[in-house]
Amino acid sequence: MSNVNIRTHPKYSNVYISGPPHNLKLYSKNLVPGNKVYGEKLITFKGEEYREWDPYRSKLAAMILEKPSVDFLSNELKCLYLGASSGTTISHLSDIVYNGIIYGVEFAERSMRQLIQNTKNRKNIVPILGDANFPEKYANSVFTNIDLVYQDIAQPNQAQIAIANCSYYLKDKGTLILAIKSQSIDSVQKPEKIYIQEKKILEKAGYKISESFNIHKYAANHIILIVHK
Ligand SMILES: C[S@@+](CC[C@H](N)C(=O)[O-])C[C@H]1O[C@@H](n2cnc3c(N)ncnc32)[C@H](O)[C@@H]1O
């Protein structure tokens with residue numbers, strides 16, 4: 001038995017918290033009880049099982065701790081997740097969008113094998129082995145319109161990859177959440193300069209940056225943006 005008191009997050013759908021406001025811990029309700037994805041703690045509270053959500057392992061958790069002004073989550077979201085890796089963040093998103101669907105694109109075969117192994121019991125994840133530079137190549141695996149594109153890809157052309165996928169899949173007024181790693185774009189330039197440059201690329205393509213969060217505290221040289229089409 002655990003003595004952690006878990007409560008619903010006051011703002012973000014299907015996100016749970018414990019602890020005082022200055023030291024919040026995040027959780028998602030486990031869609032596959034008993035199943036861990038990356039060694040996270042499982043906690044049972046009032047008959048429900050929760051998975052602790054580590055902001056040092058998941059940039060989406062880090063962003064939530066930075067308090068975005070709107071609730072961008074819901075249980076029915078249809079998501080395109082670029083850079084799914086072995087399943088850490090996508091598994092929490094899967095807990096959250098339990099009536100929705102997430103198409104998870106990953107190009108490294110080893111990570112894809114781990115992703116499939118780690119998420120095989122999650123019926124709302126569709127793993128896609130593909131290169132996010134070529135969105136049209138996985139069109140035959142994406143069966144719905146997309147409300148949310150989440151991208152966490154360490155590549156020099158991060159903004160361009162996001163734009164290509166959003167033009168192809170994201171519905172009007174849909175949301176893009178984009179993690180930008182300055183080091184992958186240019187390791188010599190100051191990160192702030194690179195962030196400005198990437199934001200300009202998005203704005204030039206007609207996207208509106210609604211919010212920007214510096215998450216250096218959790219992930220070195222990263223910001224994360226909430227962008228609207
Ligand atoms: C930082 S990791 C993602 C971590 C993951 N989002 C999480 O929080 O659990 C970046 C991933 O993007 C993948 N990746 C990089 N370039 C890619 C591309 N062009 N298409 C698809 N996946 C790519 C890498 O193989 C790697 O697994």
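A quick definition before we start: buried means under 20% relative accessible area, exposed over 50%, and partly exposed in between, with a 1.4 Å probe and protein chains only. This is a predicted model, where local features need pLDDT of at least 70, side-chain atom pairs count only at pLDDT 80 or more, and totals for chains, interfaces and linings use all residues. Residues are numbered from 1 along each chain as its sequence is written, and side-chain values use heavy atoms, with hydrogens and water left out.

Q: Which residues of H4 are buried?
A: Helices (H or I, at least four residues) and strands (E, at least two) are DSSP runs, numbered from the N terminus. The cover over the buried residues of H4 includes S6, S9, S10, H5 and H6. Those buried residues are Gln158, Ala159, Ile161, Ala162, Ile163, Asn165, Cys166 and Tyr169.

Q: How far apart are the end C-alpha atoms of H4?
A: The expected span of a helix is 1.5 Å times one less than its number of residues. H4 has 12 residues and should span 16 Å, which agrees with the distance in the model. Between the end C-alpha atoms of H4 that distance is 17 Å.

Q: Within what arc do the buried residues of H6 fall?
A: H6 covers residues 191–204, and its buried residues are Pro191, Ile194, Tyr195, Glu198 and Leu202. An α-helix has 3.6 residues a turn, so residues three or four places apart point the same way. The arc is that of the directions from the helix axis to the C-beta atoms. Seen down the axis, the buried residues of H6 line one face of the helix because they fall within an arc of 100°.

Q: Which residues are exposed on the other side of H6?
A: The buried residues of H6 pack against H4, S10, H5, S11 and S12, where contact means heavy atoms within 4.5 Å. Over on the other side of H6, the exposed residues are Lys193, Lys200 and Lys204.

Q: Which residues have the most contacts inside the largest nonpolar core?
A: A nonpolar core is a set of buried Ala, Val, Leu, Ile, Met, Phe, Trp, Tyr and Cys residues joined through side-chain atoms within 4.5 Å. The largest one here has 36 residues. Inside this core, the residues with the most contacts are Trp53, Phe72 and Leu73.

Q: Which residues does tryptophan 53 touch?
A: Here residues up to four places away in sequence are not counted. That leaves tryptophan 53 touching Val15, Leu26, Tyr27, Tyr38, Ser58, Leu60, Ala61, Ile64, His92 and Ile96.

Q: Is tyrosine 103 buried or exposed?
A: Tyrosine 103 has its place in strand S7, residues 101–106. Its contacts, leaving aside neighbours within four places in sequence, include Cys79, Leu80, Val126 and Ile128. With a relative accessible area of 0%, tyrosine 103 is buried.

Q: What is the phi of lysine 67 near?
A: Most residues other than glycine have a negative phi, and most peptide bonds are trans. Lysine 67 is in the loop between H1 and S6 and counts as exposed, at 64% relative accessibility. Phi of lysine 67 is positive, near 60°.

Q: Where is asparagine 14 found?
A: Asparagine 14 has a positive phi of about 60° although it is not a glycine. At 17% relative accessibility, asparagine 14 counts as buried. Its place is the loop between strand S1 (7–8) and strand S2 (16–18).
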